[in-house]
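I opened my notebook on this one and jotted down what I looked up, entry by entry. Here are the notes, in the order I made them.

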Amino acid sequence: MTSAIPAKTTTASSTEPGPRLDVGKGNGNGKKPRKQYSDRARAERRLGWMLAGPAFLVMLAVTLYPILQAVYDSLFQFRLTAPDERAFIGLQNYAVILTDPVWWTGLRTTVFITVVTVIVELVLGFALALVMHKALKSVRGPLRTAILVPYGIITVVSAFAWFYAFDINSGYVNNWFSWVPGIDENLNWFAQGGTALFVIMASEIWKTTPFISLLLLAGLAQVPDELSEAAKVDGATWWEQMRKVIIPNMKAAIMVAVLFRALDAFRIFDNVFIMTNGAYGTEVLSLLAYRQSISRLEIGLGSAVSVLLFLCVLLICFVAIKLFKVDLAGSQGGK
Amino acid sequence: MPTSRRTRNAVKSRPKAAVLAGLVIGTMAMSGCGPGEADNSLTWYINPDAGGQAAIAEKCSDESDGRYRIETSLLPSQAASQREQLARRLAAGDKSLDIMSLDPPFIAELAEPGFLAPVPDDVAAATTENVVEGALTGATWKDELVTVPFWANTQILWYRKSVAEAAGLDMSQPVTWEQIMEAARSQDKSLGVQGRQAESMTVWVNALIESAGGSIIVDPEATADTIELGLDSEAGVAAAEVISTIGEDGLGGPGLPTQDENDSLIAFQGDSGSFMVNYPFVWPATNGAVEAGTLDQAVLDDIGWGIFPRMSADQESAPPLGGINLGVGAESDNPDLAYEAIQCIVSVENQAEYFVTNGNPPANTEAYEDPRIAESFPMAETIRDSLQVAAPRPQTPFYNEVSTGIQQTWAPPAGVDPETTPETSSDFITSVLRGEQLL
């Protein structure tokens, strides 16, 4: 996907100023006239397809094919250890899932984690982006590296680190923070949903805030300095500059950051799997899909959960792109 | 300007792209051709241990005079993940599964669809002599031996002599759960039990129900629709009473809801330690801690052991049974050779050696005669006695559903209600097995 975007922007930016001839008029069937490209634009388009084409084909093979296979499998009752008893049951798997409170609790937990982490990450990420943007040239490099370190750590590793820090036997958190009301040496963080979710979300936020701050930094760099300078001359306070000039001008970058993170957060798995394995009210949808497909080897039921999870992700995309008008191409440093 | 910058970048990044392409092609080429395998090479999928299985593999390979060569391949550390990997490979017809180290509860699930190669009669006869009853049951499915018992694990009662003495308990006789709960309460100490929502919970529930004379599954060979559970019974209620009392009265300490075997050992070695049900690894682990200087010798001297606690004074307990059996994949190219190797692996001598070096007790009672065992494991006799009366976990092709269902309804211990939990868990597992509910 990322490889396709630059090719697209290249085409868009170079065709706009070029000459355009309307040849579609002769069709006479009322269709939208086709664009006529200059030789150079056509060559660039061809190059773009040749560069992105193989990646596109690989993507079809590794994403579209499994998706279709999962949709097909979800219509069967199929257990890996009982291959002979495979039977077509239509939409029954979906009926089982959607009438089960387990699915709805999982969905609620997942949505909760998504909303909280994305909001906190957005605020923290914006602050970090401002720091990186304003930092002196001499410290900019080390600063960006330092901020990016958590993002470079493998999620499973960071999940274990957070788990051991909070674990009642090996953890130091209870000891260090015993002055905070409610925290003492007998607090078992992973024994109930509230505290367990807190640790899971804190770990998630710690790890992925750098990602969101990088996206926001790109947006911040796009806001022309003249605008904020003009505002400053007009006597606008820092807060007014932020609210009236900077944030409106980087709305596209913010929305892209929110969308990417929301999609990521909705598929949360590693942290929950390592820290609680879904125990005590921390079950999320990815884990539910895992439990059916991988643990129970119920391929049919598990595929149905995966398909529903995929539909939820599609819904988030649809809401973001159609309702909030997130412009995925515009924020890529184009015009 | 943007165009020129882009061109410059493109030129600059060309060597990088070449390196990347080289890496990708290299990886693809490498993944395509694995290590070449000779015809007489056998792959043994082992669970992680302290290197004992690899040593046995090498020893047997050498002794075979080149007839076969055993190569070990490591499985994940969690029993559930081991099962997941093996089940998927077996279902996909993986030919490399020559020998597998299998956890007994998962054997029915793999034997039912014919994923395991049949055990030849002569091998069965040679490898089952003197094997403890529970291990044999675990190796059998539908009255047929489908795997070969290798080592057998069981939980015994570990206690701190000072606490037992202060509470006035006579530890030369078997004790009951009621007694140790009372002792922990009066001495203000914690009991070492496993309250985590994990396989260890099923182990505990099963041991309590079996000790009270019940069983989790009434008819193991029933299909998913007709399976009958014994959770909602007198024995089930008695088990729920023990678990809920320990949970609600805080007798397991604050760590109980997330406690596994390792965590309970750490708590047991601490100041609040009193009584603990756990596997024999406790002994080498505690000795190791003393040698490493992280634990006082006095703690080690204070540790005593006995048979798993009873549910009532007049009924013998049924301690948990674990261990590893060896199976051969149905699609293996060399099943005969694999069984020949298994016969070597499970020899009495190797089982004894494995116990001494890795702390995993033999399934064959004869191996306990080895003088080295009594030296390294003073409690070897208790372990052997425990194995003789131990009860395996329910054997059913749907073990994973039954076990996960129990874990989800019986943890945390403080949430268990003797009036409702046995019935709710029974209903939940039944409807999951009928395909009416998610797990």
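**Entry 1: a helix and its cover**

I began with helix α18 (residues 380-389) of chain B, where I found B:Ala380, B:Ile383, B:Ser386 and B:Leu387 buried. I then checked how they are arranged around the axis: they cover an arc of only 125 degrees, so they sit on the same side of α18(B). I keep in mind that this is a predicted model. Next I asked myself what covers the buried residues of α18(B). My list includes the helices α7 (133-139) and α17 (371-376) and the strands β6 (148-154) and β7 (156-160), all of chain B.

**Entry 2: two helices crossing**

I moved on to helix α10 (residues 199-211) and helix α11 (residues 234-248) of chain B, whose axes come within 8 Å and cross at roughly 125 degrees. Angles from 65 to 115 degrees would count as roughly perpendicular and those over 145 as roughly antiparallel, so I noted α10(B) as oblique to α11(B). The crossing of this pair is right-handed.

Which residues meet here? From α10(B) I wrote down B:Val205, B:Leu208 and B:Ile209, and from α11(B) B:Ala235, B:Gly236, B:Ala239 and B:Val242.

**Entry 3: where chain B touches chain A**

Last, I looked at the two chains together: 26 residues of chain B are in contact with 25 residues of chain A. On the chain B side, α4 (79-91), α12 (261-269) and α19 (399-410) each give two or more residues. The largest share, 5 residues, comes from α4(B). I also sorted this side of chain B by class and got 12 nonpolar, 7 polar and 7 charged residues.

Technical notes:
Residues are numbered from 1 along each chain as its sequence is written. Chains are lettered from A and ligands numbered from 1 in the order in which they are written. This is a predicted model: local features need pLDDT of at least 70, side-chain atom pairs count only at pLDDT 80 or more; totals for chains, interfaces and linings use all residues. Two residues are in contact if their C-beta atoms, placed from the backbone, lie within 7 Å. Helices (H or I, at least four residues) and strands (E, at least two) are DSSP runs, numbered from the N terminus. Ala, Val, Leu, Ile, Met, Phe, Trp, Tyr, Cys and Pro count as nonpolar, Asp, Glu, Lys and Arg as charged, and the others, Gly among them, as polar. Axes are lines fitted to C-alpha atoms, for helices over the stretch in contact, and angles run from 0 to 180 degrees between N-to-C directions. Angles under 35 degrees count as roughly parallel, over 145 as roughly antiparallel, 65 to 115 as roughly perpendicular and the rest as oblique. A crossing is left-handed if the near helix is turned anticlockwise from the far one by less than a right angle, and right-handed if clockwise. A residue is buried if 20 or more other C-beta atoms lie within 10 Å of its own, exposed if 12 or fewer, and partly exposed in between; C-beta atoms are placed from the backbone. The arc is that of the directions from the helix axis to the C-beta atoms.
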